[in-house]
Amino acid sequence: WHAKALALLADGAASLLPSNPLLATLVEGLAALAAARGDYVAAAERLGLADTLHGFRDVSSLELTRAEAAARSALGEERLAAAYARGRALDRADALAIVP
C-alpha cells in the first residue's frame, strides 16, 4: 500500500504540489515500517524527511512517536540525531524515490 500511495503522489495532480502534508504523513508511515523491520537508520532518516515535508515536527503522529522511540533505543541519541539530520536534508523527490 505504501508503494501504491507513493506512485499516486508521484503521478497524480498532487505531484504539482511543492510540499505535501499527505506525502509527509506517508513518509512517517514508511519510517514506522523501517523501524518495525529493524532498519533504525532508515527510520530516523525518514522521520527527518517527514519533518522537512511537513515544515514542522508533527508531535501528534503515532508513527513518529513509535518509530523515534525504537530508533533512539537501538541507535542512541547521537546516531539518531545524525540520521535525522541526513533526512532533513532530503526533499520531495527523495521521498517519492523511497522503496518500501
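Student: Which residues does Arg46 touch, if I skip those up to four places away in sequence?
Tutor: Arg46 touches Val27, Leu30, Ala31, Ala34, Ile98 and Val99 on that count. Keep in mind that this is a predicted model.

Student: Okay, and which helix is Arg46 in?
Tutor: Arg46 sits in helix H3.

Student: Is Arg46 buried or exposed?
Tutor: Buried: the relative accessible area of Arg46 is 17%, and the cut-off for buried is under 20%.

Student: How far is the C-alpha atom of Arg46 from that of Ala83?
Tutor: The two C-alpha atoms are separated by 8.7 Å, with Arg46 and Ala83 lying 37 residues apart along the chain.

Student: Let me zoom out. How many helices and strands are there?
Tutor: The protein has five helices and zero strands. From the N terminus on, the order reads α-α-α-α-α.

Student: And how much of the protein is buried?
Tutor: Buried residues make up 37% of the 100 residues.

Student: What share of the contacts joins residues at least 24 apart?
Tutor: That share is 72%, taken among contacts between residues at least 6 apart in sequence.

Student: Back to H3. How do the axes of H2 and H3 cross?
Tutor: They cross at roughly 170° and come within 8 Å. An angle over 145 degrees counts as roughly antiparallel, so H2 is roughly antiparallel to H3.

Student: Which residues make that contact?
Tutor: On the H2 side you have Pro21, Leu23, Ala24, Thr25, Val27, Glu28, Leu30, Ala31, Ala34 and Ala35. H3 brings Tyr40, Ala42, Ala43, Arg46, Leu47, Leu49, Ala50, Leu53 and His54.

Student: How does the contact of H2 with H3 split by class?
Tutor: There are 15 nonpolar, two polar and two charged residues in the contact of H2 with H3.

Student: Ala43 is on that list. Buried or exposed?
Tutor: Ala43 is buried, with a relative accessible area of 0%. This alanine belongs to helix H3.

Student: What is Ala43 in contact with, leaving aside neighbours within four places in sequence?
Tutor: Three alanines: Ala31, Ala34 and Ala35. As for Val27, its C-alpha atom is separated from that of Ala43 by 9.4 Å, and the two are 16 residues apart along the chain.

Student: New topic: H4. At what angle do H3 and H4 pack?
Tutor: H3 (residues 40-54) and H4 (residues 62-88) pack at about 70°, and their axes are 7 Å apart. The range for roughly perpendicular is 65 to 115 degrees, so that is how H3 and H4 lie to each other.

Student: What hand does the crossing have, and which classes of residue are in the contact?
Tutor: H3 passes H4 in a right-handed crossing. The residues of the contact of H3 with H4 are 14 nonpolar, three polar and six charged.

Student: What about H2 and H4, what's the angle there?
Tutor: H2 and H4 pack at an angle of about 35°, with axes 8 Å apart. Their crossing is left-handed.

Student: Which residues meet there?
Tutor: Glu28, Gly29, Ala31, Ala32 and Ala35 from H2 meet Glu63, Leu64, Ala67 and Ala70 from H4. By class, the contact of H2 with H4 holds six nonpolar, one polar and two charged residues.

Student: Now the core. Which residues make up the largest nonpolar core?
Tutor: It has 10 residues in all: Leu23, Ala24, Leu26, Val27, Leu30, Leu49, Ala50, Leu53, Ala95 and Ile98. H2 (21-36) and H3 each supply at least two of this core's residues. The largest share, five residues, comes from H2.

Student: Where is the other core?
Tutor: Apart from the largest one lies another core, of eight residues, including Ala31, Ala42, Leu47 and Leu64.

Student: Last one, Leu26. Buried or exposed?
Tutor: Leu26 counts as buried, at 11% relative accessibility. This leucine lies in helix H2. The C-alpha atoms of Leu26 and Ala3 are separated by 9.9 Å, and these two are 23 residues apart along the chain.

Notes
Residues numbered from 1 in each chain as written. Predicted model: local features only at pLDDT ≥ 70, side-chain atom pairs only at ≥ 80, totals over all residues. Heavy atoms only, no water. Axes fitted to C-alpha atoms, helices over the stretch in contact; angles between N-to-C directions. Helix = DSSP H or I, 4+ residues; strand = E, 2+ residues; numbered from the N terminus. Parallel < 35°, antiparallel > 145°, perpendicular 65-115°, else oblique. Left-handed = near helix turned anticlockwise from the far one by under 90°. Nonpolar A, V, L, I, M, F, W, Y, C, P; charged D, E, K, R; others polar. Core = buried A, V, L, I, M, F, W, Y, C linked by side-chain atoms within 4.5 Å. Buried < 20%, exposed > 50% of the residue type's maximum accessible area, 1.4 Å probe, protein only. Contact = heavy atoms within 4.5 Å.
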